[in-house]
Amino acid sequence: MARDLEAQRFAAQNRKARHDYFIEDTLEAGMMLLGTEVKSLRSGRASIAEAFAVEKEGALWLVNAFIPEYDSASRFNHLPRRARKLLVRKREMSRLLGSITRDGMTLIPLAIYFNDRGIAKLQLGLAKGKRKVDKRESIKERDWKRDKAREMRNRNR
């Protein structure tokens with residue numbers, strides 16, 4: 001993505017996704033949310049750790065994302081784990097669905113954040129699952145980079 005996500009305000013992040021999956025591609029999608037869901041997202045208590053996106057009825061849906069009920073709402077509150085429709089262009093959706101069916105990949109939500117206009121967006125990752133060996137290799141590589149940076153820092157003193 002061209003935009004810098006670090007400058008955005010995150011409502012939820014899936015930190016474990018990069019550990020459990022190889023992220024091949026990312027894209028930004030809008031979400032159809034209710035008013036109480038947006039207010040609850042702004043409090044930052046949402047969780048997308050177990051969530052994923054599926055194709056249903058010709059559209060992409062975010063399934064199993066937890067957005068807690070808004071405390072100040074009365075009877076017009078939402079269901080915390082309801083499926084939410086994702087807003088993606090048709091060309092992007094057909095490309096994603098082709099990759100999912102052909103390559104054995106899945107769509108994993110990486111983050112929910114508010115853009116500069118205050119609209120809630122979802123960062124989706126086209127991912128392929130890692131095996132245990134791959135996870136060990138990633139940990140080994142990360143530790144080596146950390147040790148190498150520490151050695152270079154100590155050498156320059």
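This is a predicted model: local features need pLDDT of at least 70, side-chain atom pairs count only at pLDDT 80 or more; totals for chains, interfaces and linings use all residues.
## Overall make-up

The secondary structure consists of four helices and seven strands. Following the sequence, these elements come in the order β-α-β-α-β-β-β-α-β-β-α. The C-alpha trace spans about 60 × 40 × 30 Å along its principal axes.

## Surface and charge

The protein has 157 residues, and 34% of them count as buried. The exposed surface comes to about 10,300 Å², with 49% of that area supplied by carbon and sulfur atoms.

The protein carries 36 positive and 21 negative charges.

## Salt bridges around Glu37

The structure holds eight salt bridges. Among them is the pair of Glu37 and Arg82, whose closest N and O atoms are 2.9 Å apart. This pair links distant parts of the chain: Glu37 belongs to helix 2 (residues 35–42), while Arg82 sits in the loop between strand 4 (59–63) and strand 5 (84–87), 45 residues apart.

Glu37 also meets Arg84 in a salt bridge, with an N to O distance of 2.9 Å. Here too the partners come from distant parts of the chain, with Glu37 in helix 2 and Arg84 in strand 5, 47 residues apart.

Arg82, in contrast, is partly exposed, because its relative accessible area is 23% and buried means under 20%.

## The Arg81–Glu50 pair

Another of the salt bridges joins the side chains of Arg81 and Glu50, at 3.6 Å from N to O. Both residues lie in loops: Arg81 in the one between strand 4 and strand 5, and Glu50 in the one between helix 2 and strand 3 (52–56). The two are 31 residues apart, and the pair links distant parts of the chain.

Arg81 has a relative accessible area of 43% and is therefore partly exposed. Glu50, at 42% relative accessibility, is partly exposed too.

Key: Residues are numbered from 1 along each chain as its sequence is written. Side-chain values use heavy atoms; hydrogens and water are left out. A salt bridge is a side-chain nitrogen of Lys or Arg within 4 Å of a carboxyl oxygen of Asp or Glu. Buried means under 20% relative accessible area, exposed over 50%, partly exposed in between (1.4 Å probe, protein chains only). Accessible areas come from the Shrake-Rupley method with a 1.4 Å probe; for residues, only the protein chains shown count as cover. Lys and Arg count as positive and Asp and Glu as negative; His and the chain ends are not counted. The place of a charge is taken as NZ of Lys, CZ of Arg, CG of Asp or CD of Glu.
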